[in-house]
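Let's take a friendly walk through a protein model together. Have a look at the sequence and the 3D view below, and keep both at hand as you read.

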Amino acid sequence: MSEVGKCLYLHDLTWPEVKAALPQVKLAIIPVGSTEQHGPHATFEMDTAGSREFSKLLGERLYPHALVTPPVQIGVSSHHMRFPGTITLQPETLIAVLMDVVRSLHAHGIRRFFFANGHGGNSAVLTIVTNRIRHELGCLAAWATVPYDAVSDVYDEHVKSPVNGHSCEGEVSVMLHLYPRAIRKDALTPGKIVGEVQARIDKWPWVAEGRFFDEGTENGALGDATKATPEIGKALVETGLDRIAEYLRDFMER
Ligand SMILES: [Zn+2]
């Protein structure tokens, strides 16, 4: 079904090429990233590049049935605003942007949408948007944070440092495999976790409290990125591609 190395990535195509491809396209894959700090050892492109590169590999596996759009490069990152450089959209703005992207693709005949999310702060918006697409446009829509949501078992097997989730052993490993230019290998540093805040999270894990990110980690990173390896990243990415492509093949046939 797939042809090695071929992907319908919109920014690499002309309109006659898109027109020729559309009769076989059953699905749009929309990478959604962020432009936010990732500690002292990773660039602002981290989430955007991760979701984009993963989506392109997914597009290869599903060729010629998936059209991969350029990434939405700015997400909901208000919790990172105390770190210089971070840019955030209001949740309402991201909802509007994603709905406009979907309405545009819908006008070209696409009826199934998968958001390949690269940033946890976008989660609430993606739940709202996928429901809205289903309920108001009548199309199928889904989202997952890639590859992590699909590979928690593989993650637990390989990633051993505590308090992961941002520029950590797991995420840095994935980027060492997918897009190493986002990582400053000579600056890899463990997260400087704020003990008293982490103790409250550990004691009451069932409540969701609004926080700024520097309240939980002084340097903006979690976990221990010094333990990251491209081999761990490859295991997470390859298993994630297998599982998400299998899901999307079913999704495309519905
Ligand atoms: Zn990230």
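## The order of the elements

Starting at the N terminus, the elements of the protein chain follow the order β-α-β-α-β-α-β-α-β-α-α-α-α. That gives 8 helices and 5 strands. Helices (H or I, at least four residues) and strands (E, at least two) are DSSP runs, numbered from the N terminus.

Residues are numbered from 1 along each chain as its sequence is written. The model is predicted, so local features need pLDDT of at least 70 and side-chain atom pairs count only at pLDDT 80 or more, while totals for chains, interfaces and linings use all residues.

## Overall shape

The C-alpha trace of the protein chain spans about 55 × 35 × 30 Å along its principal axes. A compact globule of 254 residues would have a radius of gyration near 18 Å, and the protein chain agrees, with 18 Å. This radius is taken over C-alpha atoms, and the globule rule is 2.2 Å times the number of residues to the power 0.38.

Of the 254 residues, 44% count as buried. A residue is buried if 20 or more other C-beta atoms lie within 10 Å of its own, exposed if 12 or fewer, and partly exposed in between, with C-beta atoms placed from the backbone. Two residues are in contact if their C-beta atoms, placed from the backbone, lie within 7 Å. Among contacts in the protein chain with a separation of 6 or more, 81% come from residues 24 or more positions apart.

## A buried phenylalanine

Phe114 lies in strand E4 (residues 112–117). Phe114 counts as buried because 27 other C-beta atoms are within 10 Å. Leaving aside neighbours within four places in sequence, Phe114 is in contact with Leu27, Ile29, Ala142, Trp143 and Leu248. Phe114 and Trp143 are 29 residues apart along the chain, yet their C-alpha atoms are separated by 5.5 Å.

Helix H2 (residues 46–61) has 16 residues, which at 1.5 Å a residue should span 22 Å; its end C-alpha atoms are 23 Å apart, which agrees. The expected span is 1.5 Å times one less than the number of residues. In H2, 14 of the 16 residues are buried, so this helix is largely enclosed by the rest of the structure.

Now find helix H6 (residues 169–178) and helix H8 (residues 230–253), whose axes come within 7 Å and cross at roughly 90°. Axes are lines fitted to C-alpha atoms, for helices over the stretch in contact, and angles run from 0 to 180 degrees between N-to-C directions. H6 and H8 are therefore roughly perpendicular to each other, a label for angles of 65 to 115 degrees. Residues making the contact include Val174 and Leu178 of H6 and Ile232 and Leu236 of H8.

Most residues other than glycine have a negative phi, and most peptide bonds are trans. Here, a cis peptide bond joins Tyr63 and Pro64, with omega about 0°. Pro64 is in the loop between H2 and strand E3 (66–68). Another cis peptide bond joins Val146 and Pro147, with omega about -5°.

Which kind of phi does Val163 have, positive or negative? Val163 has a positive phi of about 55°. Ser167 has a positive phi too, near 50°. Val163 is in the loop between H5 and H6, and Ser167 is in the loop between H5 and H6 as well. Val163 counts as partly exposed, with 18 C-beta neighbours inside 10 Å, whereas Ser167, with 31, counts as buried.

Methods. Parallel < 35°, antiparallel > 145°, perpendicular 65-115°, else oblique.
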